[in-house]
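Please view the sequence and the model together before reading on.

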Amino acid sequence: MAELDVFDKPVALSEAWRVPKDGAVRRYFGTPANAAITLLCMIALFLIGKVAFAWLFVDAVWSGGPEACKIGEGACWPFFGDKLRFMLFGYFPYDEHWRPLSALLLFVGMCGLSMVPRMWSARLLLLWVAALVVCYLVMTGGFAGMTAVPTTKWGGLPLSFMLSFVGLTCAFPLGILLALGRTSNLPAIRVISIVFIEFMRGVPLISVLFMASVMLPLFMPGGMSVATLLRAQVAVILFAAAYVAETVRGGLQSLPSGQFEAAQAMGLHYWLMMRLVILPQAIKAMIPALVSTCINFFQDTTLVTIIGLLDFLTTVRGAMRDPNWQGIAVLEGYLFAAAVYCLFSAIMSAYSRFLERRFRAGHD
Amino acid sequence: MRARRFEAMRLIFDIRFRAWLYQVVAVLGVILTGWYLYSNVRANLQAHNIATGFDYLNRESGLLLSESVIDFQPSDTYARALVAGILNTIHVSIVSVIFATLIGTVVGVARLSKNPLLARLTMLYVEALRNAPLLLQLFLWHAVIISVLPGPRDAVELLPSVFISNSGLVIPSLQWEAGHRWMLFALAVGLILAWQVRKRLLAARVESGNQRLIWPHLLLLTFAPVLIAYLFFHPDFVFDIAEKGRFRITGGMQLKPEFTVLAFGLSTTASAFIAEIVRAGIMTIRKGQSEAAFALGLTRGQTMRLVILPQAVRVIIPPLTNTYLSLVKNSSLAIAIGFPDVVMVTNSTINMTGQGIEGIALLMLIYLSLSITISLFMNWYNAHVALKER
């Protein structure tokens, strides 16, 4: 469009002192409207920045207790010194916080390791199984001098990670099976898959969690009780599977039918065709969508608070409701939780962009 | 012996036999699981002496709803409470869908701005809202309203006579008369008339090739019925404007903090998703389309309106439908901040009557019907704007 402008108007005298094209100045102040937008944005940024800076640093309370914060105008940093461990680990026995911490570190370390494409192998999978078993044992305890901690005392960041990660890991194979079922040409299997997927996608996660907490005990044979944590985990898995299935189905449908025909012409039967030819391409095509599904479920684990589990958001709220700090560090707590969620989501989406680039580079 | 084994092998490798086998196994599995769960439920219900059935719906509820679209008293039945909850859900969803679409479209276009500062700022808005859990946002805004904002006495005046305080949002409202209703009706009639006439005039323009303006006719057709209705009924336009009192704000339309927070949180979060959808939709339209339009002599505005947007809408509608669906489902988070939507009513009902299975079954049925209604409507609209290949 910029080229067209040249022919539109005759060159006037005022053109002589026009700023050079494509310079930074032109992009910010090229036209009067543009200049106005830039100015408005700068004013908004300045005002927000001023308020935030004053609240975070200038007026902030750096030492003292709840009393100092009650008087102070700005952010209350001592709150974190006092309650950070509770926010991260919930009601886990205070002296044993090293256990959830080491489980968390092991988990994050494994995630970091798995993000490196060179590490992808069958051995990594075994390592993951081992790491998860170690995490579980360290959290449960009951041996080697560690006291047994029931799952009702688990909470905070480790619980949020566990719910979302284990949920997604189990939801993936189930979701792929459902997607294959939905695109299958066997009518009975197709109908079962469609009914399950559409049902799960039609209702909110809260109602599935309610079902898990209210109805699941009735579905179990008499006297058998299931921990709330496990019930929530099952609900998250079933719910996530439906969304994963729809994403994978999108990938399956994006493949040209020639891929299926060629695989069949090679003599591959259904499962080999899917495993070697179709699914690798379908999943590669859907990486951005799958990662955003993951981010959504990481955020959706916050809903388990409604059936009484202590995920990270709940323990942060618990810290804010501590009798000493009641009503003092409201904004601090929520903004801290928001920062943590944003951080992990941002890491995941950055990783998704990296994977996309990598795979695209392989194709060109 | 060997021949029989061969027969059996042939059967196993027969693709049609396998298809049947898989399906029979799957159906049997579903039926057996269902039957197992059903028998467990029956045994458990008998053991705990829980009566089943929907009779509880006709009993007096004793529920106290903090707000309701229809009139609701604690002496009303559970059924009426459920209806009130459904209407609350629909109310907050409609308000949020409208605001989310408006904000989302503006932000989506702003993200494509050539001004780098504006593009970055709107990107920040989108990323922040998409990366923080909705529940956290609702808690945060609720806390801001309840514990940061001042009381009604020192309410903040956001816009002229729009007040926000820890008891909610107050906006001016029109005092309704019968005449206003007739004017609205006349507006609807005018819009339908104008739409039909526009179709005819456009067809005539294509036929004859003349360039006579169409919009003055449409403007006249739309607003003439409204004017006639106004002259006929002569309703007064009296606005109920809020005033700060000593203890509370009187007058105007008072929105409870819970409704305000829920509508605000739902619209801003959904607006971030809609912004991305709008941006992606506009970006899919190839540059050649606008270049061709310029070559034909269309102005920038005409290009946007006649060439780019109609094509972008086709790409935008399916993901937009999903965003609307998730907005309606996300309104179920109302329970966390105490807005009496259908989930909260169901939860209270289950707690008071112990009818868990019935309550949750009804809840899921309601959401499924809402989802299906929205999907059907959007599919109809999508078919309407879809590429018609001739």
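**Basis and confidence**

Residues are numbered from 1 along each chain as its sequence is written, and chains are lettered from A in the order in which they are written. The model is predicted: local features need pLDDT of at least 70, side-chain atom pairs count only at pLDDT 80 or more, and totals for chains, interfaces and linings use all residues.

The pLDDT, the predictor's confidence in each residue from 0 to 100, has a mean of 81 in chain A, where 91% of residues reach 70 or more. Chain B averages 84, with 97% of the residues scoring at least 70. The model has an ipTM of 0.83 and a pTM of 0.83. Over residues 1–19 of chain A, pLDDT stays under 50. Where pLDDT is low, the predicted coordinates should not be read in detail.

**Contact between the chains**

In total, 43 residues of chain B are in contact (C-beta atoms, placed from the backbone, within 7 Å) with 39 residues of chain A. On the chain B side, H2(B) gives the most, with 12 residues; helices are DSSP runs of H or I, at least four residues, numbered from the N terminus.

**A helix pair in chain A**

Helix H8 (residues 157–183) of chain A packs with helix H14 (residues 287–300) of chain A at an angle of about 140°, their axes 8 Å apart; axes are lines fitted to C-alpha atoms over the stretch in contact, and angles run from 0 to 180 degrees between N-to-C directions. The contact is made by Ser164(A), Gly167(A) and Leu168(A) of H8(A) and by Cys294(A), Phe297(A) and Phe298(A) of H14(A).

Conventions. Two residues are in contact if their C-beta atoms, placed from the backbone, lie within 7 Å. Helices (H or I, at least four residues) and strands (E, at least two) are DSSP runs, numbered from the N terminus.
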